[in-house]
Amino acid sequence: MTGVLQAIRAALPSASVEQVNNPSPCAQHSLLVSCSDALAVAEFLRSSLGYDFCSNVSGVDWLPRKVKEKAASPSPDDAGKDPQETVEREIPGFLEVVYHLYSIEKKSGPLTVRVRTGDRSGNVSVPSLTPVWKSAELQEREVYDLFGVRFIGHPDLRRLLMWDEFSDHPMRKDYVAPDDYEYEPTPHDRVLARVSARTEAA
Amino acid sequence: MTGMPSRMIDVSLGPQHPSTHGVFRMNVTLDGETVVKLQPVFGYLHRNHEKIAEGNSWLAAMPYTDRLDYICPITNNWAYALAVEKLAGIEVAERAEYIRVIVGELTRLQNHAAFLGFVLGDMGAWGTALMYAFREREKILDLFESLTGARMMANYMRFGGCRCDLPPGWIEAARKVADEFPAFLEEMEALLTGNEILLARLQGVAPLASGRAINGGMSGPGLRASGVDYDIRKVDGYGIYSRFKFRIPRGSAGDCYDRFMLRVLEARESVSILTQAISGIPDGPILNPKVKQRGFHPPAGEAYGRIEGPKGELGFYLISDGSGRPYRFRIRPPSLINLTLLEELCVGTKLADVMVILGSIDIVLGEVDR
């Protein structure tokens, strides 16, 4: 992982790439790439580092979170206060697209690459990596469909699983499912209303 | 007949169509009989499995995974259990590792048997070949029934092991099935693989170069048929696969015939793994006693775990926030991603070949649409 990070920094010195640590025992750490550099980094990973197989593309919806942190080193004026005082900091929510890359040539992987949007609004976008790995095509369409992330440069960005007229994004954490997806007023409703009016009158 | 006016025809194949292996639809544009454009339409079986799993406990997602690729529920269980074990750093009981390999390879055998029958059906040999294949698949489903209580919806794996131990006499029955399976493959080959019609329908149809296969995300037998030496059982050596001797069959042209024959060759290797695992299985517990299955709380973090499923790379990407439910539960479905190259494979072929190409990729709609 650090080797990959160094190679990227050496080849693309202006690219903003940082490591995100994973506390799980599997220690699959990941690379956080800024939206503006994602395409260049992806192309470098594929052509120079041999990551020829983009296995998995997932969307993740991160709600705003509050994290408790130890306060910054107390100044001499606060000497009397408890040094263990914690402050609450709010991390704004964002949407994230995670790519799991493997190298079939070198039989190595997974390399986890993350790209983040600025916020969770309805109009967020990240660059599409389909021009680099064709295998991302249907998966990015799925992320667009279920999470509402637009992929700039995708050749055919349409909904994949929900129907075209559907307007929401069901995998977002704050999505509320309707009672009935297929409800629409039918002539049958008028019949029912007439029957109930008649029974009430009687 | 020059100068005769002609125009393209749009045909909607599916979703109700006997050759689409479920509710899959393709909008095909035809010039005469030749395909010039093909647009797959997904989602007829979509129930948002991932959302359901994110609203349930970690263990409650296990029976739902049975319904992904419903031909091979046990390997789906395995992939999910493997990802959770990676996430939480759980060790699997030794005997359970052997049981997993045995039921996993049996699953692969019955999947490939069904595949052979279905592809023959797609070519027009409807019925007979499928009945021969299902006769063989039935024997394996009987084994699953006596082990798990269900022929298909097994719900068999648990984090750190398996749900129940092998019943008495099961191992002998499994050995008998494994020993008899090569006879079925030979029968199938004697009947079919030299058949002139079969060769004409499969050879040279929709060849796929290795570079395109890799870039397009093809995995499993479809990838190896294009000549790529990549089997996750060898590469990752997950479970105890590194202890067994087996070969990785490869194709060369990557056409429908290679994809077809690769399953036959792979089934032979599975039989070899099965006999090794059956003779090596130790006694002992089948579940890691330290793992609390109900009320399971893995530490915060994330993990991507994958196995070589019968249809390709089946992976689970899980994120835990330390609570009793997965924060993110993502399935990498081989059936969906193997369809990325479908249009590329079909354009330029005849309409009748589309069915064979789709059949040779081997999809299940429960997994495509999730």
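Figure 1. Helix α4(B) holds 29 residues, and from its first C-alpha to its last it reaches 42 Å, close to the 42 Å expected at 1.5 Å a residue (the expected span being 1.5 Å times one less than the number of residues). Helices here are DSSP runs of H or I with at least four residues, strands are runs of E with at least two, and both are numbered from the N terminus. Because 26 of its 29 residues are buried, α4(B) is largely enclosed by the rest of the structure; a residue is called buried if 20 or more other C-beta atoms lie within 10 Å of its own, exposed if 12 or fewer do, and partly exposed in between, with C-beta atoms placed from the backbone. After the helix comes Gly124(B), which has a positive phi near 110°. Because this is a predicted model, local features need pLDDT of at least 70 and side-chain atom pairs count only at pLDDT 80 or more, whereas totals for chains, interfaces and linings use all residues. Residues are numbered from 1 along each chain as its sequence is written, while chains are lettered from A and ligands numbered from 1 in the order in which they are written.

**Figure 2. The largest nonpolar core.** This core has 145 residues, of which Leu101(A), Ala83(B), Val84(B), Ile102(B), Leu318(B) and Ile357(B) touch the most other members; a nonpolar core is a set of buried Ala, Val, Leu, Ile, Met, Phe, Trp, Tyr and Cys residues joined through C-beta atoms within 7 Å. The element that gives the most to this core is helix α4 (residues 94-122) of chain B, with 14 residues. In soluble globular proteins, nonpolar side chains tend to be buried together.

**Figure 3. Helix α5 of chain B and what covers it.** Helix α5(B), residues 128-148, has 21 residues and reaches 30 Å from its first C-alpha to its last, close to the 30 Å expected at 1.5 Å a residue. Its buried residues are Ala129(B), Ala133(B), Glu136(B), Arg137(B), Ile140(B), Leu143(B), Phe144(B), Leu147(B) and Thr148(B), and what covers them includes α4 and α6 (170-193) of chain B. An α-helix has 3.6 residues a turn, so residues three or four places apart point the same way. Following α5(B) is Gly149(B), whose phi is positive, near 95°.

Figure 4. Strand β1 (residues 9-13) and strand β4 (residues 25-31) run antiparallel and are joined by 5 bridges, where strands are said to pair if DSSP finds at least two bridges between them. Leu30(B) in β4(B) is the bridge partner of Ile9(B), and Leu30(B) also has a bridge partner in β5(B), namely Val35(B). Strand β5 (residues 34-41) pairs with β4(B) in the antiparallel sense over 7 bridges. The hairpin of β4(B) and β5(B) has 2 residues between the strands, and Gly32(B) takes a positive phi near 70° there.

**Figure 5. Leu101 and Glu105 of chain A.** Two residues are in contact if their C-beta atoms, placed from the backbone, lie within 7 Å. Leaving aside neighbours within four places in sequence, Leu101(A) is in contact with residues including Leu45(A), Tyr51(A), Phe53(A), Gly109(A) and Val113(A). Glu105(A) lies in the loop between β6 (94-103) and β7 (108-116) of chain A, and Glu105(A) is partly exposed, with 14 other C-beta atoms within 10 Å. Not counting residues up to four places away in sequence, Glu105(A) touches Gly50(A) and Asp52(A). Although Glu105(A) and Phe53(A) are 52 residues apart along the chain, their C-alpha atoms are separated by 9.1 Å.

**Figure 6. The contact of chain B with chain A.** Chain B contributes 34 residues to the contact and chain A contributes 30 residues. Elements of chain B that give two or more residues to the side touching chain A include α3 (73-88), β8 (301-309) and β9 (312-320). By class, that side of chain B has 15 nonpolar, 10 polar and 9 charged residues, where Ala, Val, Leu, Ile, Met, Phe, Trp, Tyr, Cys and Pro count as nonpolar, Asp, Glu, Lys and Arg as charged, and the others, Gly among them, as polar.
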